[in-house]
Amino acid sequence: MDTIFALSSGAPPAGIAVVRISGPRAFDAVQSLAGRIPPPRQAVLAALRDPGGELLDRALLLCFPGPASATGEDVAELHLHGGRAVVRAVERVLAAIPNLRAAEPGEFTRRALFNGRIDLSEAEGLGDLLAAETEAQRRTAVRVAEGAVRREVEGWMTRVLLLSARVEAQLDHSDEDDVGGDSIAGLAAEAAAIARDIETLVERPTVERLRDGIRVVLAGPPNAGKSTLLNGLAERDAAIVSPIAGTTRDRIEVPLVRDGVAFLFIDTAGLSERPGDAIEEVGVARAQDAIAAADIVVWLGDEAPPVPALWIHSRADETSRAELPAGKRLAVSAATGRGLAEFWDLLTALSRDMLPPTDEVALNERQNMLCARAAGALRDTAGEGDLLLVAEQLRSALRAFDAVTGRANVEAVLDTLFARFCIGK
Ligand SMILES: Nc1nc2c(ncn2[C@@H]2O[C@H](COP(=O)(O)OP(=O)(O)O)[C@@H](O)[C@H]2O)c(=O)[nH]1
Ligand SMILES: [Mg+2]
């Protein structure tokens, strides 16, 4: 196994640069740079020198012996002064040590996963945490990285394993007619109860919704003020505004974050068609596609919206439009800013149900698909007439859980469990 190293902190120049080393030769590398190895988990200040004895930097050293380290291997950290040349010089010396090489992207986490320090769901949470740009993304990701999904799945797994054990025990005794045992219907009812708990999570929106944002489409006839409203929300000129109907011919997408929630605003061409203009017709078709894919349609027209929509009264500063007509939710004016705060409040309230709850566990699409498969297998036990087939459905649920956590080999887990189960039998 190679020993890997990488700059683990942000791009230099910075106050401090942390170079991490992981693998069997991590402490040898520290020895050759610093002439000593600090005691485990204690920070020590030391001069780092190249093999010729030239001083490279004075750095803080930390050593974490495996397996109780981030990767499960011996890990060393060098806290250097964060200049580009300092980092480069230290990396050059490290690369020249036999069996040491620069790490590939994610390789430290990959080793943590390989060594069982974290499971696959935690690694995914960590990835989301590193990519998080909004408060809602961060909150959800940190919970998953801390093992929230793993714990849920392990809980279901234990329940299915216990059920499996009972089925297998009954299969072992099936030739003895004095063994009462559980009925298939009873076992299936218990499997369905587990499935119900899984489905509670599966039915929640996935974490991808937090990343991709709530798709808000601004729609309505030309000149309703859609582009102006978008610019008002974005507080910059994202879309071209003009009194000429048909100015916006393509759709314009603007990502905005409000109250920690990511939105994707889509400005569209007006919906009324002007025959003869091929480009505008394409724009109208795209507007219709955008509306079809929207989470929230905001309708700015004076006629009732053609699809379910949040109907608002735009250009409300104009004297002819001072009254809020019946059926419209809110009067806004991008020109004066009137109603914009209330508009944001409406959007955040509407988006709440479309996003994973911030204080509960959420699955990503991959985990969701696998958990749904597990729940389906558990439900399918009800239709089986044979204990052997019930056992197979339970195994199939366990395999799906296994894929969520990335743990190899369900059979091995079953073997351990049944070995314990059989003692004293
Ligand atoms: N007074 C006023 N004029 C507006 C407002 N919003 C848009 N307009 C004007 O209405 C015209 C059409 O606006 P635009 O945003 O291009 O409409 P779109 O076709 O729906 O995108 C432009 O001349 C804008 O300056 C508003 O809130 N108040
Ligand atoms: Mg426009």
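Modeller: I begin with a definition: a residue is buried when its relative accessible area is under 20%, exposed when it is over 50%, and partly exposed in between, with a 1.4 Å probe and protein chains only as cover. Helices (H or I, at least four residues) and strands (E, at least two) are DSSP runs, numbered from the N terminus. In helix α11 the buried residues are Leu340, Phe343, Trp344, Leu346, Leu347, Thr348 and Ser351.

Biologist: Where does the model come from, and how are its parts named?

Modeller: This is a predicted model, in which local features need pLDDT of at least 70 and side-chain atom pairs count only at pLDDT 80 or more, while totals for chains, interfaces and linings use all residues. Residues are numbered from 1 along each chain as its sequence is written, chains are lettered from A and ligands numbered from 1 in the order in which they are written, and side-chain values use heavy atoms, with hydrogens and water left out.

Biologist: How many helices and strands does the protein have, and what share of its residues is buried?

Modeller: The protein has 14 helices and 12 strands, and 45% of its 425 residues count as buried.

Biologist: How do you know what span helix α11 should have?

Modeller: The expected span is 1.5 Å times one less than the number of residues. Helix α11 (residues 340–352) has 13 residues and should therefore span 18 Å, and its end C-alpha atoms are 19 Å apart, which agrees. Helix α4 (residues 120–131), with 12 residues, should span 16 Å, and the 17 Å between its end C-alpha atoms agrees as well.

Biologist: Which residues of α4 are buried, and what covers them?

Modeller: The buried residues of α4 are Ser121, Glu122, Ala123, Glu124 and Gly125, and their cover includes α3 (107–114), α5, α6 (148–172), α12 (365–380) and α13 (387–405).

Biologist: What makes Glu135 buried, exposed or partly exposed?

Modeller: Glu135, which is found in helix α5 (residues 135–145), has a value of 35%, between 20% and 50%, and is therefore partly exposed. The side chains of Glu135 and Arg138 are joined by a polar contact of 2.5 Å, a term that asks for a pair of N or O atoms within 3.5 Å; within protein, one must be able to donate a hydrogen and the other to accept it, and residues adjacent in sequence count only if both atoms are side-chain atoms.

Biologist: What makes Asp317 a polar contact of ligand 1?

Modeller: A polar side-chain atom of Asp317 lies 2.7 Å from a nitrogen atom of ligand 1, and this is a polar contact because 2.7 Å is within 3.5 Å. A backbone N or O atom of Gly225 also lies 2.9 Å from an oxygen atom of ligand 1, and a polar backbone atom of Ala334 is 3.1 Å from a ligand oxygen atom.

Notes: Contact = heavy atoms within 4.5 Å.
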